[in-house]
Amino acid sequence: MATPKKVETKKKVSTKKTSQATTARKRRWSAYKTYKKLDLVQMDKELLAFWKKNKVFEKSVEERPKSKSFVFYEGPPSANGKPGIHHVMARTVKDTFCRYRTMKGMRVERKAGWDTHGLPIELTVEKELGITKEDIGKKISVDDYNKQCRKTVMRFTDLWNDVTTKMGYWVDLKNPYITYENNYIESVWNILQRLYKKGLLYKGYTIQPYSPAAGTGLSSHELNQPGCYKDVKDTTVVGQFKIKREEHSEFLFARENEDVRFLAWTTTPWTLPSNMALAVGKKITYVKVDTYNPYTFERVSVVLAEDLLGKWFKESNLDGDFEAFETSEKKDRSKIPHQVVEKFKGNLLVGVNYEQLLPYVKPEGDAFRVILGDFVTTSDGTGIVHIAPTFGADDKRVGEQNGIKGLTVEDENGNPTPLVDKQGKFVKEAGELAGKYVKNYKDDANYENIDVEIAVKLKTENKAFNVQKYEHNYPHCWRTDKPVLYYPLDSWFIKATAAKKRMVELNKTIQWKPAHTGEKRFGNWLENLNDWNLSRSRYWGIPLPIWRNEEGTKEICIGSIEELKKEVAFANKKLGMKQSVPKDLHRPYIDDVVLCSKDGEKLTRELDLIDVWFDSGSMPYAQWHYPFENKDKFKRNFPADFIAEGVDQTRGWFYTLHAIATMAFDSVAYKAVVSNGLVLDKDARKMSKRWGNAADPFKTIDKYGADATRWYMLSNAQPWDNLRFNEEYLDETRRKFFGTLYNTYSFFALYANIDKFNYSEKEVPLRQRPEIDKWIISLLNSLVKEVDADYADYEPTNAARKIQTFVMDNLSNWYVRLCRRRFWKGEMSKDKLAAYQTLYTCLDTVAKLMAPIAPFYADRLYQDLNKVTGKEKHISVHLAFIPKVNEKVIDKDLEQRMDYAQRISSLVLSLRKKENLRVRQPLQRVLLPILDKSFQKQVEAVKDLILSEVNVKEFEYITDTSGVVNKSIKPNFKTLGRRLGKNMKAVSQKVAGFGQEEITAIESKGGYTLDLDGEKIDLSLEDFVITSADIPGWSVANDGSLTVALDISLTESLKAEGMARELVNRIQNLRKSKDFNVTDRIKVSIEHHEMLEKAISEFGDYVKTEVLADSIELSNSIKGDKVDLDGVMLTFDVRKN
RNA sequence: UGCGGUGUGGCCAAGUUGGUUCUAAGGCAUCCGUCUGAUACACGGAAGAUCACUGGUUCGAGUCCAGUCAUCGCAACCA
């Protein structure tokens, strides 16, 4: 395609041959590479090979000075899963800015990384081995289990490396950091020790999500796996808690033997045996209601929040007939009367004691009284909350504040344990409930719902006021799909709350893209920080480097292998052992290491592992094995200038990086962060394997090429907006942007090859180049300036769109189109040289500007250009530099007048269209009303361009517009608005009423004094906006302030010329269809028709020149091709002469 | 439920500090044409939007404020 068809057909002189012939003469000339078609996929392959062979990536780092580093951190993906299209998105963002900085002369060292620990890997292994958590250490040794994990986790690394390479993401894959390696672990230990030394580590007993089915605690991250929160229907119970009649509670009793009870609602009846207290709200109003229990029909007075009365009692039964109900034989549950007898604030209830609801186990210490809870609301339940400190975080906290412990029994080892054990079943002390599971954890077909059982029991014992099914959202274990329990577990915490203030401060110095993610989402998260639960009771992860004695009174936190060695030696000496530091720091080996306190007490390792998020948050240090190695490198590379990941990392990696850096180094970990949005399918649904709508990154890249994929992703939506991924647009990107750019290059290459242009000539000074060259160079420099700024500000979308507009609209569709003739006509001249140099500069610059986003095609383009000219020594665009803007050549006036030219042309073409006058038909003149001098000057400079573009003979400016042009006037709101304020409306109405005379008067006087209800207002010419709206009797078009009229009258001569052009067109078509060579001379005979006579007589020579005809004649007897000319079929005889 | 984002023609989307030059860019798709020595994945034109809704501030609101709705994401022990 790049070479004309004729050139490719045999037997004919081809430009290729010509160029080869010349090559022989000019030895150093080599042709610009031309292509049959644009094949981005093929280009990908070639460039990948080229980059690899020439170590371009390595050079792009090493060629930049160490002193100018731009630091980027790669968030480690887990190689346990396959890469998806959203990874391509995230990595495009990362790659773009790294490449950009490289091209700004900076050294961007970027180490790949792998996140290798964590639950997903363990679960994959368990699934594949067909084992459960409980089997570890029994059916399979921890050692073998971990070996399996290590093997499993890197299984998709090939796929990841492949996608990384194919999409053109440059990152050092050869030396990645891997979180399971000893060096990495050692660094993590070191960081942890720093925190330990600052007193930021503590062990605490807290309520955590726990999966009995999986036998393990769950992190909040795990709880937030998609689909974990499910709507479930649970049996809920409103319990009746019998109040003890005491001095303190006397106010609640009126009658003798009155049965007064608290009502408290729960969705987890199985926690009722563990009830220890009831919580009320301080300011909530409670009422005592006299009524009957709906199950036992016993008379009872119940206490609940006033606001929730309507939820549990029928309005119609208020103050119903107690006596009638009492005496009726058949008690109708729906007719139970009730009466509000007492009203009081919650704080009055505090301290009231009640009887234990389900007395299986007697508690130690204080219990069964009313306390205050700040979390109590009246949006649900009864306004009184059942408190079971062993099974709720709030419960535990509020219990502790009031000196009420959780209900526990001693297990076989004498340790306190809740009434439900870690398998999720009731302990033996729980009476008839003993041994029963609280949920169906074992998939037992005969499982009986324990909640129902409890509810039934309570009903019969007059302890339930209401039992019903209730649908609510409850978390489930993502692995086992079973409901989670909130369960007390021993854990190590990082006191993140202590560093909260500093974290907030430091966060304010970070440049977030978009800003709201940092200010709001991340900011709010920091404001509501909790301590960081570090503990994971698992096997495959970094072991907690803390050794303790049994009582927990003595402990050592290890910060290096060296230190561990010393401690081991010390312990060996003290305890007479022969231990050594294991080669692998993972469990189980490390568990065997026993250390020793100074006074000779045995210390064993805390069995927990460290949360994997701590692993990844430590990567700035651990990736370099800091502080044990690479101290300089670390210094150069901390903190990061830039990181980027998906928004989902806000509370993940973005947080852990920030938290660790703040606490350990009192520094930010990154100065700028781009959080990109989700990649959705074209219907805005989340991509997931389940829907089958997930785009395969490999297929996408293989089909459209990496550049089109990357360009589409960044140009279509800003990275932080969700992207609706739609293949159609990918194809459009390829066709429109890359296709146009490719065509532009092909055009250049075609003629440059013919003319042997290799930029060896001296640069034609810009002032000697024609207007249009100055214009495109001006635009080009404006583009450089803006795109550079956009990249620097992490605004890739703006950059891409600007480049795209430049290439498609300005370079291809205007510059090249208008300049075509300059390239093909005649021998090399200064003008032609200027055209080549200008176009070359544009292409070369575009290649550099687009290189960060579209690294493949940009490099192809750059290389194809530079190989011939040798203008730059770099072998790849990625070793080159973003061009410096030349402010001097930016000419906004020029840009404006070309804009006029484009718009005026467009208006004329639109008029032609309206009047049905094809462009081939020349017209005499265009009328242009001139409203100010500078406008005329501007237009005059581009007059010829417009005329040739729209095929019109002359311009006529209407300067004295009075009487010719109908003008319209309106006030200039911008200048007047502030001045006139409220009067604006009245003025605007007056101005709207102005006729042509007034407008003319204003123009000639240069102002106007307006009378507004007696108030004189002086207005200058600037206070009006005058436009020419219409020219009576002419065909007129408007575009903003531009008005153009077209003289559509056709003289005979114009018609004839139009016909001549039609003839040229038809004859050229025939030449083409007959496969004549461009240089063949021809002779033409045309069937006689009177409409041709004048065309031939007046413009015959023109036609002959255009079509290379030696003769052209009209004749009546012609055999040849039938051709349609203005609706008449005529015979043409065109033959070689 | 709370927090945050988004809501502009069939689709993708521009739209700074409010200004009748936003009488709302551009692209895709649609329709109608055109050029043709870049033979095209080209060019031109047309049609298509009460800027989610309601109210407010203002002389003036796509733009600012409040509320509502829709949608997406995040968070959550909610009893």
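Helix α25 (residues 727-755) contributes the most to the surface near RNA strand B, with eight residues; helices are DSSP runs of H or I with at least four residues, numbered from the N terminus, and a residue is near a strand if one of its heavy atoms lies within 4 Å of it. The model is predicted, with pLDDT of at least 70 needed for local features and 80 or more for side-chain atom pairs, while totals for chains, interfaces and linings use all residues. Residues are numbered from 1 along each chain as its sequence is written, chains are lettered from A and ligands numbered from 1 in the order in which they are written, and side-chain values use heavy atoms, without hydrogens and water.

Of the 62 residues around RNA strand B, W265, V385, D394, R920 and K970 come nearest. The residues of this surface comprise 19 nonpolar, 21 polar and 22 charged. Sugar or phosphate accounts for 64% of the atoms of RNA strand B within 4 Å of the protein, and bases for the rest. For N813, the side-chain N or O atom lies 3.2 Å from a phosphate oxygen, whereas a polar backbone atom of S812 is 3.0 Å from a base nitrogen.

Helix α22 (residues 653-665) has 13 residues and spans 17 Å from its first C-alpha to its last, close to the expected 18 Å, that is, 1.5 Å times one less than its number of residues. Twelve of the 13 residues are buried, so α22 is largely enclosed by the rest of the structure; buried means under 20% relative accessible area (1.4 Å probe, protein chains only). Among the buried residues are W653, F654 and Y655. D666, with a positive phi near 45°, follows α22.

Key: Helix = DSSP H or I, 4+ residues; strand = E, 2+ residues; numbered from the N terminus. Buried < 20%, exposed > 50% of the residue type's maximum accessible area, 1.4 Å probe, protein only. Polar contact = N/O pair within 3.5 Å; in protein donor to acceptor, adjacent residues only side chain to side chain. Nonpolar A, V, L, I, M, F, W, Y, C, P; charged D, E, K, R; others polar.
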